[in-house]
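The sequence and structure come first.

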Amino acid sequence: EDKQDDLSTKEADLLLLFNKNENKILERDYILNQVWGDDGTYSGRTLDVFISKLRKKIGSDPLIKIVNVRGIGYKLMIKE
């Protein structure tokens, strides 16, 4: 379908980071530092909320998936 969803700035930053590191595991702390920086205005739950939002927006594409790597972080998987 030709469906379009707008992304917030942080959602776009997060998706760009995943895209640059396609099929690689990114540690939670690394993601938080890259997307939110050192300003301290986020909590550990912040990342989970944004991952959930992105999953909903890309959920209709069976070739793209954001997976949790337990105890480490997340990984964007793109099947060819």
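Which residues does Leu 32 touch, not counting residues up to four places away in sequence? With contact meaning heavy atoms within 4.5 Å, Leu 32 touches Gly 37, Tyr 42, Ser 43 and Leu 47.

The model is predicted, so local features need pLDDT of at least 70 and side-chain atom pairs count only at pLDDT 80 or more, while totals for chains, interfaces and linings use all residues. Residues are numbered from 1 along each chain as its sequence is written, and side-chain values use heavy atoms, with hydrogens and water left out.

**Overall fold**

The chain contains three helices and three strands, arranged along the sequence as α-β-α-α-β-β. Both kinds of element are DSSP runs numbered from the N terminus: helices are H or I with at least four residues, and strands are E with at least two.

The C-alpha trace spans about 40 × 25 × 20 Å along its principal axes. A compact globule of 80 residues would have a radius of gyration near 12 Å, and the chain agrees with this at 12 Å. That radius is taken over C-alpha atoms, and the globule rule is 2.2 Å times the number of residues to the power 0.38.

The accessible surface of the chain is about 5,700 Å², with 46% of it belonging to carbon and sulfur atoms; the areas come from the Shrake-Rupley method with a 1.4 Å probe. Of the 80 residues, 29% count as buried. Here buried means under 20% relative accessible area, exposed means over 50%, and partly exposed lies in between (1.4 Å probe, protein chains only). Among contacts with a separation of 6 or more, 49% come from residues 24 or more positions apart.

**Helix packing**

Two packed helices are described by the angle between their axes and the distance between the axes. The axes are lines fitted to C-alpha atoms, for helices over the stretch in contact, and the angles run from 0 to 180 degrees between N-to-C directions.

Helix 1 (residues 9–20) packs on helix 3 (residues 44–58) at about 80°, and the two axes are 10 Å apart. Helix 1 is therefore roughly perpendicular to helix 3. On the scale used, angles of 65 to 115 degrees are roughly perpendicular, those under 35 roughly parallel, those over 145 roughly antiparallel, and the rest oblique. From helix 1, Lys 10, Glu 11, Leu 14, Leu 15 and Phe 18 take part, and they meet Leu 47, Phe 50, Ile 51, Lys 53, Leu 54 and Lys 57 of helix 3. By class, this contact has seven nonpolar, no polar and four charged residues. Nonpolar covers Ala, Val, Leu, Ile, Met, Phe, Trp, Tyr, Cys and Pro; charged covers Asp, Glu, Lys and Arg; the others, Gly among them, are polar.

Helix 2 (residues 28–36) also packs on helix 3 at about 80°, with axes 10 Å apart, which means that helix 2 is roughly perpendicular to helix 3. Arg 28, Ile 31, Leu 32 and Trp 36 of helix 2 meet Gly 44, Thr 46, Leu 47, Asp 48 and Phe 50 of helix 3. The contact of helix 2 with helix 3 consists of five nonpolar, two polar and two charged residues.

**Selected residues**

| Residue | Relative accessibility | Class |
|---|---|---|
| Leu 47 | 0% | buried |
| Leu 32 | 6% | buried |
| Lys 57 | 27% | partly exposed |
| Lys 10 | 29% | partly exposed |
| Asn 23 | 36% | partly exposed |

Leu 47 is in helix 3. Beyond four places in sequence, Leu 47 touches Leu 14, Arg 28, Ile 31, Leu 32, Trp 36 and Tyr 74. Leu 32, in helix 2, is ten residues from Tyr 42 in sequence, with 8.3 Å between their C-alpha atoms.

Lys 57 is also placed in helix 3. Leaving out residues up to four places away, Lys 57 touches Asp 5, Asp 6, Leu 7 and Glu 11. Between Lys 57 and Ser 8, 49 residues apart along the chain, the C-alpha separation is 12 Å.

Lys 10 belongs to helix 1. Apart from neighbours within four places in sequence, Lys 10 is in contact with Val 35, Trp 36 and Phe 50. The C-alpha atoms of Lys 10 and Trp 36 are 7.9 Å apart, across 26 residues of chain.

Asn 23 sits in the loop between helix 1 and strand 1 (25–27). Most residues other than glycine have a negative phi. Asn 23, which is not a glycine, has a positive phi of about 60°.
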